[in-house]
Every structure is written in structure tokens, then in C-alpha cells.
Amino acid sequence: MENIEKNQKPIYFDTLMLMDRYKDYASPESRISYLVKTGELIRIRRGLYVYRGDTRVHPYCLANLICTPSYISFAAALRYYNFIPEQVFNITSASYGKNKTKQFETPMGCYIYYSVSPAAYAQGIDRIQEFDQSFLIATPEKAVLDMLSKIPGVHSIKAFKELLFDDLRMDFDSILSLQKNRLYQYASCYIQKNVKMLLKWFEKMKS
């Protein structure tokens, strides 16, 4: 196995970095191909690699790198903040550009990217530091709005409550803890009916 010390940087490699790392070999390309073939080097996608057994690899940091620009959101962010009880097995993120879903099946897991509008994308993103790495993630308010924006709209408060607490299994107290000024600011960038329903319900609960 390649000797990867815990304090050795970087963690994530592109092709040019690997070519420089193995420049003393007669054929750096062959060395890289060999390491990928033997599983010592894991190819995440074209031009992005990590070493097998490097415990520093963070799935959320990796998500930011697989598709850029992007930030962790939807179910992955809601689970991170303990807004939903279920474990999340796919890493879900928001991106923008063409309005389509992108999915990357990698040796490190499944990474899914949902498109949001540029206006919505530009607000409500935090940078979280964990150990010596950081990643971009939606604020709780933004994660809730992103999630609701991708679900077919409901037409009554009763149906919305069922969607929020029965279908999505969001925590009641966590929803009420959302910061009102942030929620209304971010919501102005969405046109979906469920977002408007959330504001209507939230206002009623806070009044």
C-alpha cells in the first residue's frame, strides 16, 4: 500500500498532482493506472482521486469536489442537523445550471445533485469546519426550503402538515426553531407552492 501518513497533505488529488507525485517513474501515467487497477488509488470520477485507507477523506468534502459549484442540502443536510430521524445513505447536494439531476456512483458512495435556481443557490450556505477540512452546507432554513421545492405542491395546510411531519418526518420543534428572518429572506428566491405553504404555516404557529 502507498505510504499515506495521517498528517500528509493533500487528501484529494487531481491528475496533474498525481503526475507530479510520480514524476520520478519512467511512466507516471502507467504508475497511476497500476495503482488504480490494484485499488491502492481510488478514482472517484475523471480527474479526482483518493488513496485507499486514507481515513481523512470526508464524504461531504468529497461531495463539494465531485460537482462544483455545490453545497450539501436536502436529506443529507437535514440529517446532519437532526431534523429527520432516518439515516441517509446517499449524499445529496444542490447545484445550479441545467435543470437536471446528476448522480455519481463512486467507490465512496452515491452522490446526487439537484439543480436549484441561481438566485436560490446564492443564499443560505455555511462553511463547516471539521478537523482540518471544511465543506459547504445549506443552513437549516435553506435545507428545508430546498427539500420542499422538489416535492409536488400541496393545496391545504392540513396536507402540508402531513407532508412535513408524516411523509418527510421532520422534527416539529426543529422546524419551529428556524430563524424567521432567514427563512423569509431565502424563501423569496423560490416560486414553489410548498415554500409558500411553509411560510403560511410558520406564520400561524408563531403568531
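Guide: The protein has ten helices and eight strands. The model is a predicted one, and its C-alpha atoms fill a box of roughly 70 × 30 × 25 Å along the principal axes. Of the 207 residues, 46% are buried. Among contacts with a separation of 6 or more, 58% join residues 24 or more positions apart. The accessible surface is about 11,300 Å², and carbon and sulfur atoms account for 52% of that surface.

Now to the rings. A pair of aromatic rings is described by two values, the distance of the centres and the angle of the planes. The structure contains 13 aromatic pairs. One of them joins F74 and Y114: the ring centres are 5.0 Å apart and the planes stand at 65°, so the arrangement is edge-to-face; the cut-off for that class is an angle over 60 degrees. F74 belongs to helix α4 (residues 74–80), whereas Y114 belongs to strand β6 (residues 109–115), so this pair ties together parts that lie 40 residues apart in sequence. The two partners can also be described by their accessibility. F74 has a relative accessibility of 3% and therefore counts as buried, while Y114, at 26%, counts as partly exposed.

A second example is the pair of F165 and F172, which is tilted, with 5.4 Å from centre to centre and 45° between the planes. F172 has a relative accessibility of 36%, so this residue counts as partly exposed. Ring pairs also link Y60, Y80, Y81 and F135 into a cluster.

F165 leads on to a helix contact, as this residue is among those of α7 that touch α10. Helix α7 (residues 157–167) packs against helix α10 (residues 193–206) at an angle of about 100°, and the axes are 10 Å apart. Because angles of 65 to 115 degrees count as roughly perpendicular, α7 is roughly perpendicular to α10. On the α7 side the contact is made by I157, F160, K161, L163, L164 and F165, and on the α10 side by N194, M197, L198, K200 and W201. Sorted by class, these residues are eight nonpolar, one polar and two charged.

Definitions and conventions:
Residues are numbered from 1 along each chain as its sequence is written. This is a predicted model: local features need pLDDT of at least 70, side-chain atom pairs count only at pLDDT 80 or more; totals for chains, interfaces and linings use all residues. Side-chain values use heavy atoms; hydrogens and water are left out. Axes are lines fitted to C-alpha atoms, for helices over the stretch in contact, and angles run from 0 to 180 degrees between N-to-C directions. Helices (H or I, at least four residues) and strands (E, at least two) are DSSP runs, numbered from the N terminus. Angles under 35 degrees count as roughly parallel, over 145 as roughly antiparallel, 65 to 115 as roughly perpendicular and the rest as oblique. Contact means heavy atoms within 4.5 Å. Ala, Val, Leu, Ile, Met, Phe, Trp, Tyr, Cys and Pro count as nonpolar, Asp, Glu, Lys and Arg as charged, and the others, Gly among them, as polar. Buried means under 20% relative accessible area, exposed over 50%, partly exposed in between (1.4 Å probe, protein chains only). Accessible areas come from the Shrake-Rupley method with a 1.4 Å probe; for residues, only the protein chains shown count as cover. Rings of Phe, Tyr and Trp (its six-membered ring) pair if their centres lie within 6.5 Å; planes under 30 degrees apart count as stacked, over 60 as edge-to-face and the rest as tilted.
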